[in-house]
Amino acid sequence: MNYTRIKLSKTNYSKLDNASIVKKPSLEELRIIYKKYCDHKKFKSCQPLFENEIRQNKIMGYYDRGRIIAFTILRKLDDLNIESFQFAWDYEDPKLRMGIASIKHECAWAKENGYHYLYLGQDDRYKKQFNGFEILGKL
C-alpha cells in the first residue's frame, strides 16, 4: 500500500468561506455524519470515532445553511507536518463535492498555518489531481 502527501509549497488553493476549526465539537453530531458517510460508501466495517481523537486533534468543520455537514480530523504530526486523519460528510447534497473541496481548503489552511506537508493516508486515484501530490517512497 502506498501512502501520500501534498507538498504545500506547490499549491495555491483558496480557503472556503463555509469552513472553520470547530472550537467545541459535538461528538454526537460528528458520529451522525460519520455514520452517514460510512453508509453511503457501503463500508463493511468502520472504526468508531473515539472521543480522544476528537478532543486531542483539530476538527475542521464544513457548513451548509448554518449546520455542520462534513468534518476532517486534522492530526498535527510535528511543526511542519499535519495529517488529514479522517474525513466524513453526510452526502445530502452530492453536488457540493465536499471531499475534493475539503482537501483544497485544508491545503490552503495548512499552508497559511506554516505547515510544509499535508499527509493524506493511502493512495487513492482521486488524490492524484491535487497540486503537490506525492507518493511516499520507502523509508
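The largest pocket in this predicted model holds about 910 Å³ of space. Of the 33 residues that line this pocket, Tyr 37, Leu 120, Asp 124, Tyr 126 and Lys 127 are the closest to its centre. Several elements each give two or more residues to the lining: β1 (3-7), α1 (27-41), β5 (81-89), α3 (98-112) and β6 (117-122). So how is empty space found at all? Rolling a probe the size of a water molecule over the atoms shows where it is left.

The lining can be sorted by residue class.

| Class in the lining of the largest pocket | Number of residues |
|---|---|
| Nonpolar | 18 residues |
| Polar | nine residues |

Now step back to the whole chain. Which elements build it? The chain has three helices and seven strands. Read from the N terminus, their order is β-β-α-α-β-β-β-α-β-β.

Next comes overall size. Along the principal axes, the C-alpha atoms fill a box of roughly 35 × 35 × 30 Å. The radius of gyration of the chain is 14 Å, which agrees with a compact globule, because a globule of 139 residues would have a value near 14 Å.

What about inside and outside? Buried residues account for 45% of the 139 residues. Here, buried means under 20% relative accessible area. The chain exposes about 8700 Å², and 48% of that area comes from carbon and sulfur atoms.

Contacts complete the picture. Take those between residues at least 6 apart in sequence: 69% of them join residues at least 24 apart.

Conventions
Residues are numbered from 1 along each chain as its sequence is written. This is a predicted model: local features need pLDDT of at least 70, side-chain atom pairs count only at pLDDT 80 or more; totals for chains, interfaces and linings use all residues. Side-chain values use heavy atoms; hydrogens and water are left out. On a 1 Å grid over the protein atoms alone, a cavity is a set of points where a 1.4 Å probe fits but cannot get out, and a pocket is an open set with protein on both sides within 12 Å along at least five of seven lines; lining residues have an atom within 4 Å of a point. Grid points are joined across faces, edges and corners, and a volume is the space filled by probe spheres set on the points. Helices (H or I, at least four residues) and strands (E, at least two) are DSSP runs, numbered from the N terminus. Ala, Val, Leu, Ile, Met, Phe, Trp, Tyr, Cys and Pro count as nonpolar, Asp, Glu, Lys and Arg as charged, and the others, Gly among them, as polar. The radius of gyration is taken over C-alpha atoms; the globule rule is 2.2 Å times the number of residues to the power 0.38. Buried means under 20% relative accessible area, exposed over 50%, partly exposed in between (1.4 Å probe, protein chains only). Contact means heavy atoms within 4.5 Å. Accessible areas come from the Shrake-Rupley method with a 1.4 Å probe; for residues, only the protein chains shown count as cover.
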